[in-house]
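Please look over the sequence and the structure before reading on.

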Amino acid sequence: MKEKISAVVMPAPGRPLEMRRFEAPKAKPGGAVLETIASEVCGTDVHLHHGRLSGVPFPIIPGHVNCGRVVETGGPVADAEGRPILPGAVVTFFDVFGTCGLCWHCLVAKSATRCPRRKVYGITTSADEGLLGGWSESIEILPGVQMLPLPQGIEPEDFMGGGCGLPTGFHAVERAGVALGDTVVVQGSGPVGLNAAIFAQLSGALAVYVVGAPRARLDAARTLGAADTLDISAVVDPTERVGWVRDRTGGRGADVVIEASGNPAALPEGLEMLRDAGRYVVVGQYTDAGDVLINPHRHINRRHATILGCWGYEFTHLYRALQLMARHNGRFRWRELITREYSLADAGRALEDMEKLSVVKAVLRPR
Ligand SMILES: [Zn+2]
Ligand SMILES: [Zn+2]
């Protein structure tokens, strides 16, 4: 293995990315070292660079969803099914670690994604702590971090085409309780929205409609099976957009609406798209983008609406989403969501492209 490892560091919000050299990591007992095959550049990284997330210990090495080849392990390590993970295995890993299982949130509320000790690779890990982000030639897998070997037939490109949108979209659909025959509207056509559209179909939705922009992402939504799409840059009046949904749902509105847009204004609009006694899941408001006016009578009480938030994902979502990918990759061809691949040196350009939405999925190839 190389003596020195190159990695991209985000030194602070708004500052240019830097290429830095680090000592090659050694596997700790129960941990491992990966040679990075691919790392994602996603909306979270854009938010990080703008300083829109609190509690980020800059400088950081971004890249929270990754694929790598195991170079060495610190003694025997196994996956969640007890199968040994050996050098040479191609794996991804659950980017969340440190969830304690001991605190009030973990034990009483059983809401592990709100555990205060929870940490996330590439987001809440400092570059001073080690190679804990994927925009690097190597990644250190700390003891207790769950690695998942890619299933038979799934290559790193397939998995990275899903990226963090895969378990996030899965979680949102699980939260919505999409039932056989439901009509589902997804607001937002980014990776989370597209994956939610996929998993809603796998849950037995009768039809999935995607409301978003730009055109390339809506084209992707239709390729992935959306019954129809609405381009919000062409239809700018929210009332007209609500009418578009009502036209397709017998005038009643959708059984389920999943908000994956990141725009607070999507909420009152999405609630107008929802049928009486429907279910609304908010998964797109990952950063605080501001307040919005809701009419409690019309939007919630009289509508008899169920409104649910959805924060992060747990290991179960990543695991089950990956198994479903292995089963349905021929139909959904996740890898085609990757618009462009970049070298480590081009990470800055990847961030810009992501921010302009000129790519659906951007992937870094560190080696
Ligand atoms: Zn906890
Ligand atoms: Zn991500």
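## A loop lysine

Is K26 buried or exposed? K26 is exposed, with a relative accessible area of 62%; the cut-off for that class is over 50%. The model is a predicted one. K26 sits in the loop between β2 (18-23) and β3 (32-41).

K26 touches V33, E72 and E140, leaving aside residues up to four places away in sequence. V71 is 45 residues from K26 in sequence. In space, the C-alpha atoms of K26 and V71 are 9.9 Å apart.

## Zinc ion, ligand 2

Four protein donors surround the zinc ion (ligand 2): E40 (OE), C42 (SG), H64 (NE2) and C164 (SG). They lie 2.0 to 2.4 Å from the zinc ion. The 4 donor atoms subtend angles of 92 to 122 degrees, so the arrangement is tetrahedral. The class requires all angles to lie between 85 and 135 degrees.

Along the chain, the donors of ligand 2 follow the spacing E-x1-C-x21-H-x99-C. H64 is in the loop between α1 (43-49) and β4 (66-73). C164 is in the loop between α3 (156-162) and α4 (165-176). The pair therefore ties together parts that are 100 residues apart in sequence. H64 is buried, at 5% relative accessible area. C164 is buried too, at 10%. The cut-off for buried is under 20%.

## Zinc ion, ligand 1

The zinc ion (ligand 1) is coordinated by C100, C103, C106 and C115, each through SG. The distances are 2.3 to 2.4 Å. Here the 4 donor atoms subtend angles of 103 to 117 degrees, and the arrangement is therefore tetrahedral.

The spacing of these donors along the chain is C-x2-C-x2-C-x8-C. C100 and C103 are both buried.

## Helix α4 against helix α10

Two packed helices are described by the angle between their axes and the distance between the axes. α4 packs with α10 (residues 315-332) at an angle of about 100 degrees, and their axes are 9 Å apart. α4 and α10 are therefore roughly perpendicular to each other; the range for that class is 65 to 115 degrees.

From α4, the contact uses L166, P167, F170, H171 and E174. From α10 come H317, L318, R320, A321, L322, L324 and M325. By class, the residues of the contact of α4 with α10 are 8 nonpolar, 2 polar and 2 charged.

How accessible is H317, buried or exposed? H317, found in helix α10, has 2% relative accessibility, so H317 counts as buried. H317 touches P167, F170, H171 and E174, with residues up to four places away in sequence not counted.

## Helix α5 against helix α10

Helix α5 (residues 191-202) also meets α10. The axes of α5 and α10 come within 12 Å and cross at roughly 90 degrees. This pair is therefore roughly perpendicular.

α5 contributes I198, F199, Q201 and L202 to the contact. α10 contributes A321, L324, H328, R331 and F332. The contact of α5 with α10 has 6 nonpolar, 2 polar and 1 charged residues.

Notes
Residues numbered from 1 in each chain as written. Chains lettered and ligands numbered in written order. Predicted model: local features only at pLDDT ≥ 70, side-chain atom pairs only at ≥ 80, totals over all residues. Heavy atoms only, no water. Donors = N, O, S within 2.8 Å, 3.2 Å for Na, K, Ca; no water. Tetrahedral: all angles 85-135°; square planar, octahedral: opposite > 155°, others 65-115°. Helix = DSSP H or I, 4+ residues; strand = E, 2+ residues; numbered from the N terminus. Buried < 20%, exposed > 50% of the residue type's maximum accessible area, 1.4 Å probe, protein only. Axes fitted to C-alpha atoms, helices over the stretch in contact; angles between N-to-C directions. Parallel < 35°, antiparallel > 145°, perpendicular 65-115°, else oblique. Contact = heavy atoms within 4.5 Å. Nonpolar A, V, L, I, M, F, W, Y, C, P; charged D, E, K, R; others polar.
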